[in-house]
Structures are given as structure tokens and as C-alpha cells.
Amino acid sequence: MNHVVCIAYVPDTETKVKIGGDGKSIDETDVKWIVSPYDEYALEEALKTREAKGGTVTVLTFGPARADVGLRECLARGADEAVRIASDGLGETDSLGVAQLLAAALKGMKADAIWMGSKGVGTDAGVMVSMVAELLDLPNVNLVTKVEWKDGAVTLWREVEGGREVVESPLPCVIGAHKGLNEPRYASLKGIMAAKKKVIAVKKPADLGVDPAGITGEKAAVRWTKLELPPARQACKLIPADDPQKAAEELLRLLRDEAKVL
Amino acid sequence: MTPTEATYLGVPGTLLFALVLFGFLAAFAYTASRRWQLMTVGGFPESRWDRVGERIRGVVEFGLLQRKMFRDPYAGLYHILIFSGFVVLSIRTTTLFLEGLFPGAALPFLPGGAWEAYLLLKDVVLVTTTAGVVLALGRRHLFRKDRLDASFDADLILVLIAFLMVTDLVAGGASHALSPARASVWEPVTAAVGTLLSGSSTGTLTALYHACWWAHLVAILSFLNYLPTAKHFHVITALPNLFLRKLDPPGKMRTFDVEKAAEDGKIGVGKIQDFSWKQKLDMFTCTECGRCREICPTHLTGKPLSPKGFMVDARKALYTAAPALLDVASGRGDLGAEERLAAQRPLIGGWVDVETIWACTTCRYCESACPVGITYTDKLTDLRRFLVLDQSEFPKEAQTAFNGMERQGNPWNLSASDRDAWTAELPFEVPVMGALENRDDVEYLFWVGCAGSYEDKGKKVSRALATLMHEAGVKYAILGAEETCNGDSARRLGNELLFQMLAQQNVETMNGYGVRKIVTNCPHCLNTLKNEYPDFGGTFQVVHGTELVADLVAKGKLKLTGRIDKTVSFHDPCYLGRHNDVYDAPRELLSAIPGVSLKELPRTRDKAMCCGAGGGRMWLDEKIGARINQARYAEIEANGTDAVGVSCPFCMVMLGNAATEMSGKTETFDVLELAAQALPTHPGGEAAAS
């Protein structure tokens, strides 16, 4: 079985996000970049499956040159090959644009299973699993927490509100990995050393037959106009409780007049 | 007449004796050479030939004078009695060998009276050695210490030693009784035995003399051959092991080229032969006295690791693998040695349980207690290195810490940009190195550490130290967001790659600012910065916060005037005390606070029990046995003081947690916090009141 795992190289979840000078992107200075945590579950499951059943694991990403570091991390954990669709000089695109690029690359890769995190933690809007599947005309199952392989098919457990849903899908399909699926491994030194020697294939959108002009700028379905941080948390307001009657009145007044929740 | 002047079944006694003597010696030479090969086969290189003078001094102090043995005075006494017996009687044994080969021969070149003096000494020692054996048997059977386990080996050896003494005395006594002319006033004890035997017939006396003479020498030779196979190999290896002991700072771990090790496929220790020659010599040398486990936190709380148990298991693995290992090493692979070696019970998971490897807190009580200079933490961390870097197998909690250190520069995985957030609550500005225009007058870099930057109690202590320095007018600065985890936990959890990354980054940052002097409140940071960063080009003078502040108080630059009426216990952090020999500074500082009275804990200073957080255990779950922090806290509670002073942020967390878990009455304070509270400017203090 051949697996392709799509990963996003995103700011560490612990990053204190600052808005950039243009007011619609984040300030990238001092940002530590990581492979999106949900993508790590996807990679881990693909690696485990390959170890049990043979085949190959290829990691695929869309991003600038720095994303090679993330791809190498995946290679160090055991992926066989890595491909990066270069975003350099492409201009602003949106999730659909990225999905089109990924789908174009995936078409040439003969994957039995296409993996990604149930969501990225960057700018992906959580729609990548369905978009890529739709563009490739493949079934997709998201929020997967357990996988069982059959001949030419797969049984997947997915988190739904208040329970778990068990579905079966033919292969190939697109699987969105969710927290709880597994415990991602830590790269061994041997893996890290081996990963250093591997070559990352870099492709331009044009190499994949995608016209950059068609997915950027005015052609992008979603355009960012402004980015704002959530308001800073207000200091806690303490109501003196010397007189419970008055305190309750004051609380109600504040909830109605200031917080405007009543 | 010497017994070898007789003939036995027609064979001349001297010939028979020569056969026996050289036969046994040849057998010993063979065993010893096999042990030598076993010691030197495989393993990473280690050099222990520097600082010869210091090495010899150690041999005298710990080997000949046996300083550590007297921590248990009773055992120290019987051991020195037996040891001195061995030393003195080795001359006696040589003369007996000579006399057996060449009847009538004696040691040449002795000045007048020397031999007589020696005979007297020998007679005294025959008695004292026997007394030593009796005392030792008493320790093993009548008043056994917990550190000792029942051992047939030990009893056999002791009985054998007593047998040697008795046969020597009886042979001498019978010889004296046979020819009273031989009797000498210089051998009073032998003479007394002779007098006792003098009523017997000549035939009986001759038979007794011959039997004891032969038995004595054959017993000695058997003893010699028995040593390398049993726990008493230390008779031969202890002094060399002390000479070759680790002279580097005790808390410094071995640095190695990680990439090269990966290419060679030799990362840490995965198989018994991967241990260095010195590590194997340690295994040879362990006598199973168990001093190492007396205050071992894992042994005391029922975890599978006891230093002695680990050393004995490793030795068993080594001896079991020896035949196949030596066959492979000598190129006799055609005998299927490779297969036999491969089929050995594995070291990790076979001889040594994985939980044993991860249990160690690297508190080094064991190493400070071992009378023969054996180290344990190096072996356990080398095994961890193999598990982490080669196998990628380790407790999963460690991964969270590794990821945090790698990405955000702290094991808590909190944002790197919040590293100096602890300064916000201070009424004065804390200088940040990178923001200073002129760094020339900065005397100390204040290395805050991850705990001091992110952990709530640790942050308070950072503020206390900054306040104390501020009040004393010390020129200092912090690195702020440029500081990253020092890597202590990563290294001790086996992740050398991550450690070296962090070390290089920090050294680069600090060298970039021309840092020379560092003050830190974290003993783990202190140990790494002071002892391990020199390997990465960072040579700094590193002091602990309590050392600096105690000095400021002593010099009158700080006045501690606020009264704090508390009785205080002091818990020595392992990485400050045993690893870096700082015991007095925190105590001096406590004593300088008006109202504070220090009451030492029963297990204190170099015998202090670990809190359980060292060796990266801070980041791992403690799933087996009782909790180490609670065991230590129970001792603190029993000391009956109002508070316990600590000087390490890890100890603070561990003992603080124990206090909560056990609803304890003894509050935990950092010594620096108490000192800051005694400042005149502290709210409620003199200056604030006026």
C-alpha cells in the first residue's frame, strides 16, 4: 500500500501571534515552525500501516523553502520520500487554491490512502480533507480515531458528537486523522541522519499543470482583508459581598449594562 | 624441617610443591588474562591516565586509609583489620612459597632485627585478622544491615580467611613444638599455640604441621583463583579502580560526537560489550556491600532499581556473555560464536529491566557512598542514550518535554517569548543583555532557567534573587528571550542530540555577549553551565544564587534585618551538594536571617535524600512503588520544623507537591525567598515601615 501524507508546516501552537505590518498577515519574526500536530497523527498512522503491511509513505506539503525542515522531520520519523509544492513567489492564495495544488500533485502519485490532519492549525480553515477529496473525486472520512484495514477497503472510526461512528470506505480515500488515533513517535538519531541525505522533490505549480494566476489574487475565492487579535483579557472585577442583596443587584446590573449578556 | 623436604608417595616435596604452586599460578594467569580481554573488548574509549598525583592521593585516601569505609565505623574496623592482614601476610606468604621451593631459604637483604619485628607484626595480624572475620560474620548474621543480602560467597570467603589464619598459626605452633629451638619470643601467639600442642606425640605434630602447612598454601592459591570469578575480585581490582576513578566534576556527563556515533552504529550502550573498559572494571570491582543503596531514592521507594542490584545484573550479563564474546573477539567465529553471542539474553529487557533504566534520579548518593569509586549514573544514562537515540523507545511523557525544549526552549512547552514575563511584577527594571547599550559593567549574567522563568514558585524565587542583587547594587543582566533550556534533563534522559543543540545555542549566545560570570538559582543549570558547557567552548565562572547572596551578606553589602521567627530544615539539592560540593552557602544565608534557626535533617548534606526530580525524572510519571517526594517529605515533617528551605526549583516543586498531597504542616520556601523577605525594604520590613 502506498500512502501520501499531506502536512502543513505551521507556527508552533505556543506562539504568541503578532499581527504583521500589513495588518492582514502574522509577523513571522521569532516564530517557531512545526508540523501541524494533527498531521503528526496522520503520518504516524501511515508509518504504522506501512510497517505492518509494507508499501511506501510519501509526505507532501505546500509551502516556502522553510517547510523542507518539516518534511525532513517526517523523513526522520520514517517517511520514504518527500515532495514540496513551492509557494515561493506565488502570491496570496486560499484553501481551495492549496487544495487544487495538492490534488494536482496527488493525481500523479498513485496513493492507496491519502492522509492529512483533521485540520491544520494555520490558515487552512479545516476544509482541506473534503476539498482535496472532492477535487480527486474520492471518498473522505474525517475526525478518524481508529483504523482497520481490509482487502481494498478500510473501516474507520470517527468522532461525532456524543459518540463514535464506524464507516467503511473503499480505497483509495482521503482520511483526516484526529487526536486519539495514536501517539506520534520521536525520530531516532538513525532516522535523522538518514533524512539528511534524502532529496526533497520541489515542484512548481506550473509543473503540476496549475496556472498560478487561476488560484491567486482576484481569482482566490477567499481573500484576507484584515487580521485582529482577540481583545486582551480584562482584569477580574470583584464585587464586595458585605451585603448579599446589594451584591446580587450589582452583579445583575453589570451583566445587563456592561457585559450586555442579559 | 620444612614439609617439602619430605617425599609424598615417592615424589619429592619440593617438586610436588612447585607443581602445585605453578599450576595454580598458571590457572590464575589464564583467568586473569580472560578477564583482561573481557574488560578491553568493544566499548567506547576512555582515558584515565591524567593527573597521576591526584589519582595516587585518592588511592591512599580511599584505598589504603579506606576513608569511606569508616562511614560505617563497625564495618570500617573489621575491614581495615582484614585488609591490613592481607597486606602484612603477603610477605609471610612469599616466604612460605620460598621455603616450600627451597627449604631453609629466607628473605634476603633484611636489616638486622627487621625480620623479628615482622614476625611480631605477623603474629599480631594473625589474631586481628581472625577477629576481623568474626566481626564481619557478626555484621552478616547477627546484626545485619539492610544494605547486605545473604551471600554464600561472602560467608565462604570469610571462613576461608579464618581458615588461612588458623592453619598458619597451627602449622607454626606444631613446628615450634617439634623443634623448640625454632620458637621465638617474637612470635608470642604462635609460641602459645606451640605450648598448647607440646604434649602431643612427634608423629601427631609432624602430621599436623604438614597438613596445616599444605592446607594453608593450597587455600591461598585456591583463594587467588576464586577471586576473579566471585564478588571478591575487589581484592585485586579495588586499588586500580580507585586509581582510575573519574576525576572530572562528578556531575559532568560524557560528551561524544553524536553524528559519528550514529554513523558507526554505536550510540550509548545497547549491549553489554558496548560498555567501556572502565565501566566493566567497575562491574568487576563491586563487592555487593550495598552502601550505594542505603539512601538510594529508588531502592527506598520500592522501584526496580538499586545500584548494587543493577551492577550485579550487569556483571552477570558480562560474565555470561564472556565465552562467546571472547571467541568472537579472537576471531574464532567459525565455532558459531557469532550465533552464540547473538543468542545471548539481551542486556536491556533481559538482564536489566527497562523500568530500572528509567528509574534513576541521578542523585549520585550511590557514587558518593561507594568505597571503591564505582559510578552508576554513567551506565544508566548510556543505556538511556541507546534507547532514545537508537531505538526511539522511552516513556512517552519525555516526548512532551523534548518537544518543548526543542520548539520553545523549555520543557513546559510554554511560549519562548514569555521567558522574561516573571520580571513584570518587579518595581524595578531587570536589565536584558540584548537591550543594553553598554555591557562592560555587567558583572553577572543572571541565568534564570526554565523553572525560574515559567514555574510559579520558581518565578517568585527569580524575583527574590533579582531583588537581592538590585538592593546590593550588583551589576547583572538576564538574557531574556535569548535564554533557552540548558539541556540538563534532555541529556540525562538520553537525548544527547537535543542537549548538544541547546548547549551550542546557549554557549554561542553567551560568548556573543562576552559572559564570564554567571549566577543562577537552579542547581541543574549550574551543573550543566559550569561542568558541561566547557566541552562546547563555554567556560564560565558559575555560582549559585545562595553563594552570591551569602557572600554579599558576609561583605556587608546586604543587610538582612527583618525578623523571621521560624525553625527551618534545609533540604540539600543533589545537584548543588553532591554534584557541586556546595553545602554551606545556603546554611550561612539561613543563619544570617534574624530569627531563623536551622535544624538539620537526619539525612543531610552529602547523605541527603533526593526529592525525585533529577535525571529528567521531573518530566516522567512515577508509576512504581511509593513516591520519592513523599518519602523525603515525611522525613522533613518528622523533623518538626515550621518550614523547609530548598535551593532548587525542582526540589521546590517536588516537596511542595508532597506537602499538598500529604496535607503537611512544614511549608516549603526557597532560601532566597526567605532572604528577600528579611530585606529592610521588604513590605512590612524596616524601610517600608518607616
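Visitor: How many residues of chain B are in contact with chain A, and how many of chain A with chain B?

Guide: In this predicted model, 21 residues of chain B are in contact with 15 residues of chain A.

Visitor: Which elements of chain B give two or more residues to that side?

Guide: They are α9 (258–264), α16 (377–391) and α17 (396–407) of chain B.

Visitor: And what classes of residue does the side of chain B that touches chain A have?

Guide: By class, that side of chain B has 8 nonpolar, 7 polar and 6 charged residues.

Visitor: Switching to domains, how is chain B divided?

Guide: Chain B is divided into domain 1 (47–243), domain 2 (258–390) and domain 3 (398–689). The centres of domain 1 of chain B and domain 2 of chain B, taken over C-alpha atoms, are separated by 33 Å, and the contact between these two domains takes 16 residues from domain 1 and 16 residues from domain 2.

Visitor: Which helix gives the largest share of the domain 1 side?

Guide: That is helix α8 (residues 234–243) of chain B, which supplies 5 residues to the side of domain 1 that touches domain 2. The residues of that side of domain 1 divide into 6 nonpolar, 6 polar and 4 charged.

Visitor: What about the largest nonpolar core, which residues touch the most other members?

Guide: That core has 213 residues, and those touching the most other members are A:V5, A:L102, A:V132, B:F446 and B:A675. Helix α12 (residues 307–329) of chain B gives the most to this core, with 9 residues.

Visitor: What does B:F446 touch?

Guide: Leaving aside residues up to four places away in sequence, B:F446 touches B:L465, B:A466, B:Y476, B:A477, B:I478 and B:V519. Another core, of 31 residues, lies apart from the largest one, and its members include B:L126, B:I157, B:A174 and B:L217.

Visitor: One more topic, helix α26 of chain B: how many of its residues are buried?

Guide: Helix α26 of chain B is mostly covered, with 10 of its 13 residues buried, among them B:F650, B:M652, B:L655 and B:A659.

Visitor: What do those buried residues pack against?

Guide: The buried residues of α26 pack against the helices α18 (449–454), α19 (456–472), α22 (523–532) and α25 (628–638), and also against the strands β9 (643–646) and β10 (667–670), in chain B.

Visitor: Why should α26 span 18 Å?

Guide: Helix α26 (residues 649–661) of chain B has 13 residues, and at 1.5 Å a residue it should span 18 Å; its end C-alpha atoms are 18 Å apart, so the two values agree.

Visitor: And what is the phi of B:S663, which follows the helix?

Guide: The phi of B:S663 is positive, near 45°.

Note on methods
Residues numbered from 1 in each chain as written. Chains lettered and ligands numbered in written order. Predicted model: local features only at pLDDT ≥ 70, side-chain atom pairs only at ≥ 80, totals over all residues. Contact = placed C-beta atoms within 7 Å. Helix = DSSP H or I, 4+ residues; strand = E, 2+ residues; numbered from the N terminus. Nonpolar A, V, L, I, M, F, W, Y, C, P; charged D, E, K, R; others polar. Domains from an automatic or database assignment. Core = buried A, V, L, I, M, F, W, Y, C linked by C-beta atoms within 7 Å. Buried ≥ 20, exposed ≤ 12 C-beta atoms within 10 Å, placed from the backbone. Expected span 1.5 Å × (residues − 1).
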